[in-house]
Amino acid sequence: MPNLLSRFASDLFWLARYMERAEALARLIDISKNYAGSHRGDSSWERILRICGDLETYKEAEGSLDSASVLAYYLLDAKNPTSVAFAINAARDNARGARHLISTELWTHLNTFHNHYMKLTARDIRISNVSNICQEIKTGCQAFEGIVQSTMTRGEPWYFYDLGKNIERADQTTRVLDIGYISLSSGDDDALVSVQWNTLVRTLAGYHLYRSKFPAGEYARDVASFLLFETEFTRSVAFCVESISVSLGQLTRRLPMVPTEAVQSAQDALVARLAEGPTKPITPARLHDFLDRLQLSIGDVSEAIAITYFAKEVEAEDRAAA
């Protein structure tokens, strides 16, 4: 692809990923705050750090697992690459790079959302107010996605955006399921088990559909099946993988000059990996092994997309950094 198109494709891909990441973090923080306030204490904040892969880095830099420190780390620290502040900053930078490919309404919304968010202080994210802040983040991200859906033309820019969105969603779902499955109780208290698994599904905004599909049953098995394979749930891995396949197919047809063997090979491997499913009976160790391999396959698809479509942009960034 021409260098200019490569850069715009990369901007749209990462714009989608960063906005998805911001919303996912807000959901996770809000649910964990409510859970910590009831009975789990610091373990709920540690769960966020584990899902994001930040536990060791955080302990070295911050040490304390108290709510104020973890909330500041994920909501205000713009230098933390897994924070909401970093994601919103990066999203606006990517939107600016592809400004001529997005609508005025979309740019205005994102710019306003960014400017409002960057005014937040430690006082705003105190524990009594954090649910309101998380709701504002979720609403802002959902409004952004709604404007994308209604204003972006369904050409190449759309498919690069859609790839970023669904790769990020699939990755977030596997992370939440992995850590949740290991850490949640499987004891004899049915009421507690129900609350914990329902909380996990709420983290991914799938509670109502889940309850309609599984009104009763074995929570662990049913939640794993729902988050991995439910094709009606837009954040299930199966739904995201299918959407990725559709977008890649469209780009192959629209950009026939681009060799896509590497992307197709990585996507085929991801589809095959998901079809295998976890070894039964499902245990935390077996599910962790399956999800670990699934996450690697998702990463392989993302890397193949970058090499195939963004290679010149990546090379330019490397030269600038040298």
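A: Helices here are DSSP runs of H or I with at least four residues, strands are E runs of at least two, and both are numbered from the N terminus. This is a predicted model, where local features need pLDDT of at least 70, side-chain atom pairs count only at pLDDT 80 or more, and totals for chains, interfaces and linings use all residues. Residues are numbered from 1 along each chain as its sequence is written, and side-chain values use heavy atoms, with hydrogens and water left out.

Q: OK, how many helices and strands in the chain?

A: The chain has 15 helices and zero strands.

Q: And how many cavities of 30 Å³ or more?

A: Three. A cavity is a set of points on a 1 Å grid over the protein atoms alone where a 1.4 Å probe fits but cannot get out, and lining residues have an atom within 4 Å of a point. Points are joined across faces, edges and corners, and the volume is the space filled by probe spheres set on them.

Q: How much space is in the largest cavity?

A: About 140 Å³. It has 14 lining residues, and the closest to its centre are Glu20, Ala24, Leu25, Gln172 and Leu204.

Q: Which element gives the most to that lining?

A: α1, with six residues. The elements giving two or more are α1 (3-40) and α8 (156-183).

Q: Switching topic: what share of the chain is buried?

A: Of its 322 residues, 52% are buried, meaning under 20% relative accessible area with a 1.4 Å probe, protein chains only.

Note on methods:
Buried < 20%, exposed > 50% of the residue type's maximum accessible area, 1.4 Å probe, protein only. 1 Å grid on protein atoms, 1.4 Å probe; cavity = no way out; pocket = protein on both sides within 12 Å on 5 of 7 lines; lining within 4 Å.
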